[in-house]
Amino acid sequence: MTQTRRQFLSLAAKASALALAGAPLVALLPSTARAAKPASPFAHGQSLPLPGASGLYGLLRPEGRLTLTAAAVPGLLPATRAQMLAYTTVQGGKTWHNPTLVLQKGQEFRTRLVNGLDEPTIIHWHGVDADWRQAGHPSYAVSPGQAYDYAFPVTNRAGTYWYHPHPHGLTARQSYLGLASFFLVRDAKEMALSRELDLTLGVTDLPIVLQDKRFDDHGGLVYAPSQDELLMGHLGSEVLANGARRPSLDAGTRLYRLRLLNGCTARLFNLAFETRGRKLPFALMANDGGLLDAPWTMDEVFLAPGERVELLLDLRGLKPGELVALVNAPFDPMHNEEGDHAGHAGAAPASQAPDGGHGAEHGQGHGGGHPAPGGAAPLDEGAAYPILHVRVVRQEKYDRSVPARLSTLPAASGPLAPGAPRRFELALDRHAGRWTINGLTYDMAASPVTVARRAPEAWEFLGARDGMPHPMHLHGYFFRVTARRGSPEQVRRRAVDAAGLLATDLGLKDTVLVWPGETVAVTPDFGNPNYPGEQTFLLHCHNLEHEDQGMMLNVRVS
Ligand code: C2O
Ligand code: CU
Ligand code: CU
């Protein structure tokens with residue numbers, strides 16, 4: 001299986017007609033005048049690629065119907081100029097790859113996906129309100145050379161959503177090889193807030209996707225997970241920001257809005273900003289479902305695959321010449337299943353690598369001892385490492401201040417039906433070597449969960465103590481997190497209320513991280529009136545290796 005998959009890139013390249021259509025790479029790649037480092041096949045000292053008027057992640061405000069062609073594009077990855085997969089569109093003589101789609105709430109969104117790969121694909125609009133036929137359910141995957149048409153009104157709250165492939169069993173690899181970008185929704189109130197804070201999309205309001213990758217000797221992307229990695233998640237040897245490695249961003253002494261997306265298949269982040277040897281606090285302003293009601297000041301934030309946070313980074317206290325690093329701060333990745341599963345069929349031997357030096361509390365960085373094909377060893381999830389440098393290069397007059405209130409959250413769904421919550425147990429089937437939800441793995445024909453559109457639901461996710469963290473994602477609907485119980489200490493100490501919620505739990509969520517031993521209570525709202533008839537959405541783990549291995553269920557809404 002692995003062999004044929006590795007050939008996929010070169011095959012896909014042939015299918016790519018648009019690939020050669022003059023990608024304006026030069027405009028995206030940083031001026032490498034500074035910080036040129038010696039002898040490496042890779043570019044160093046890159047600037048953070050910002051979404052420009054076209055090119056990779058370029059801003060695109062669709063009018064009329066768009067065509068997105070999923071195909072390989074040679075030379076596109078900023079880190080190494082390697083080939084990557086991208087959604088490409090050409091409009092008025094300009095070319096976008098993985099466009100950052102910018103939609104106004106209320107507008108109609110119409111797109112044709114053209115499959116230029118050599119295997120099935122379908123786009124899922126993650127967090128975006130759309131009827132299940134429009135939402136990228138895997139049963140709608142289209143074959144190579146075929147197309148799928150989407151048309152739906154944009155009804156979401158203003159916020160940072162995203163899109164990526166969702167063909168069953170192929171989601172991780174297609175996403176990893178490059179298919180993913182932002183779907184930003186704006187509305188009048190959110191834009192007024194942006195004006196109040198003098199924030200400009202692409203300049204001081206920056207979508208940044210974080211993704212970890214492994215490379216072969218020529219800088220090419222490698223995705224060839226072992227059995228062990230299919231079980232625990234595939235970790236890259238380095239983390240890219242908008243496709244660049246350890247890039248820097250030149251900034252002024254003002255506020256910046258960073259829209260951060262964890263686009264990794266499996267890696268968890270504990271993000272922090274560091275300057276002058278200490279943490280620089282920031283304000284959480286939005287998460288999966290848009291603005292919180294009020295900004296929340298914090299200095300570390302967990303971000304799991306699929307989740308988004310919008311942060312306000314305040315550089316007003318810094319001076320030109322100073323640096324701020326966006327880092328992963330040490331944490332325990334809690335891979336508590338390690339050591340127990342080593343005997344299961346096909347598993348690679350357990351890691352013998354040193355654990356990165358964070359002491360006994362620090363979990364085993366899985367995969368640390370496996371030789372990565374043609375590349376460096378995986379970067380330990382819980383280790384301290386830099387991701388991005390912000391260089392303060394100019395003094396700015398900036399006299400805006402963050403309002404005490406940002407938005408009004410919609411009312412939580414109505415009174416709950418009496419009775420016990422619906423429970424979802426997340427546990428390893430040690431015999432099958434797969435993660436399960438209530439003992440089940442995905443069956444496209446089955447509907448193990450049926451809910452009524454009008455009845456408020458209370459759900460609980462239960463993370464097995466001898467498991468690992470699972471970011472649980474529901475398609476089509478948002479939920480509120482109402483309680484965390486049994487949280488590990490590193491989570492509990494961040495609680496902001498008596499129910500054990502984290503600041504990132506306060507708004508509308510579509511993905512919630514469930515730690516080992518934890519019970520996370522949520523109230524999904526299935527009341528969306530915009531979806532006609534019966535719906536079949538998905539509930540799955542957004543660790544994409546887990547998802548592809550079947551940690552997913554259909555959810556029927558009638
Ligand atoms: Cu972003 Cu079903 O996933
Ligand atoms: Cu989704
Ligand atoms: Cu999982």
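## Pocket, copper sites and sheets

Mentor: Let's begin with the largest pocket, which holds about 720 Å³ of space. Keep in mind as we go that this is a predicted model.

Trainee: Good to know. Which residues are closest to the centre of that pocket?

Mentor: Lys105, Asn156, Arg157, Pro410 and Leu508 are the closest to its centre, out of 32 residues that line the largest pocket.

Trainee: And which element gives the largest share of the lining?

Mentor: That would be H5, with 5 residues. Helix H5 covers 188-196, and both H5 and S30 supply at least two residues each to the lining of the largest pocket.

Trainee: Switching to the metals. What coordinates the copper ion (ligand 3)?

Mentor: Three residues do: His470 through ND1, Cys541 through SG and His546 through ND1, at 2.0 to 2.1 Å. Along the sequence, the donor residues of this copper ion (ligand 3) follow the spacing H-x70-C-x4-H.

Trainee: Where do histidine 470 and cysteine 541 sit in the fold?

Mentor: Histidine 470 belongs to strand S29 (residues 470-474) and cysteine 541 to strand S33 (residues 535-541). They are 71 residues apart, and the pair links distant parts of the chain.

Trainee: Are those two buried or exposed?

Mentor: Histidine 470 and cysteine 541 are both buried.

Trainee: OK, and what are the protein donors of the copper ion (ligand 2)?

Mentor: Those are His124 and His473, each through NE2, lying 1.8 Å from the ion. Histidine 124 is in strand S8 (residues 123-126) and histidine 473 is in strand S29, so the pair ties together parts that are 349 residues apart in sequence. Histidine 124 and histidine 473 are both buried as well.

Trainee: S29 keeps coming up. What is the strand order in the open sheet that includes S29?

Mentor: The order is S27-S34-S33-S29-S31, an open sheet of 5 strands with mixed pairing.

Trainee: Why do S27 and S31 each have one side without a neighbour in the sheet?

Mentor: Strand S27 (449-451) and strand S31 (511-514) are at the edges and have a single partner strand each, so one side of each lacks a neighbour in the sheet. From one strand to the next, the twist averages 25°.

Trainee: How many bridges join S33 and S34?

Mentor: There are 6 bridges, and S33 pairs with strand S34 (residues 552-557) in the antiparallel sense. For instance, histidine 540 has methionine 552 in S34 as its bridge partner.

Trainee: How do S25 and S26 pair?

Mentor: They are antiparallel, with 4 bridges between S26 and strand S25 (residues 422-429). Leucine 426 has isoleucine 437 in S26 as its bridge partner.

Trainee: Last one: where does leucine 502 lie?

Mentor: Leucine 502 is in the loop between helix H7 (489-492) and S31. Its relative accessibility is 7%, and the cut-off for buried is under 20%, so leucine 502 counts as buried.

Trainee: What is it in contact with, leaving aside neighbours within four places in sequence?

Mentor: Leucine 502 is in contact with Arg484, Val491, Arg494, Ala495 and Val496. Separately, its C-alpha atom is 9.2 Å from that of valine 301, 201 residues apart along the chain.

Technical notes:
Residues are numbered from 1 along each chain as its sequence is written. Chains are lettered from A and ligands numbered from 1 in the order in which they are written. This is a predicted model: local features need pLDDT of at least 70, side-chain atom pairs count only at pLDDT 80 or more; totals for chains, interfaces and linings use all residues. Side-chain values use heavy atoms; hydrogens and water are left out. Donors are N, O and S atoms within 2.8 Å of the metal (3.2 Å for Na, K and Ca); water is not among the atoms, so sites may look incomplete. Buried means under 20% relative accessible area, exposed over 50%, partly exposed in between (1.4 Å probe, protein chains only). Two strands pair if DSSP finds at least two bridges between them. Axes are lines fitted to C-alpha atoms, for helices over the stretch in contact, and angles run from 0 to 180 degrees between N-to-C directions. Contact means heavy atoms within 4.5 Å. On a 1 Å grid over the protein atoms alone, a cavity is a set of points where a 1.4 Å probe fits but cannot get out, and a pocket is an open set with protein on both sides within 12 Å along at least five of seven lines; lining residues have an atom within 4 Å of a point. Grid points are joined across faces, edges and corners, and a volume is the space filled by probe spheres set on the points.
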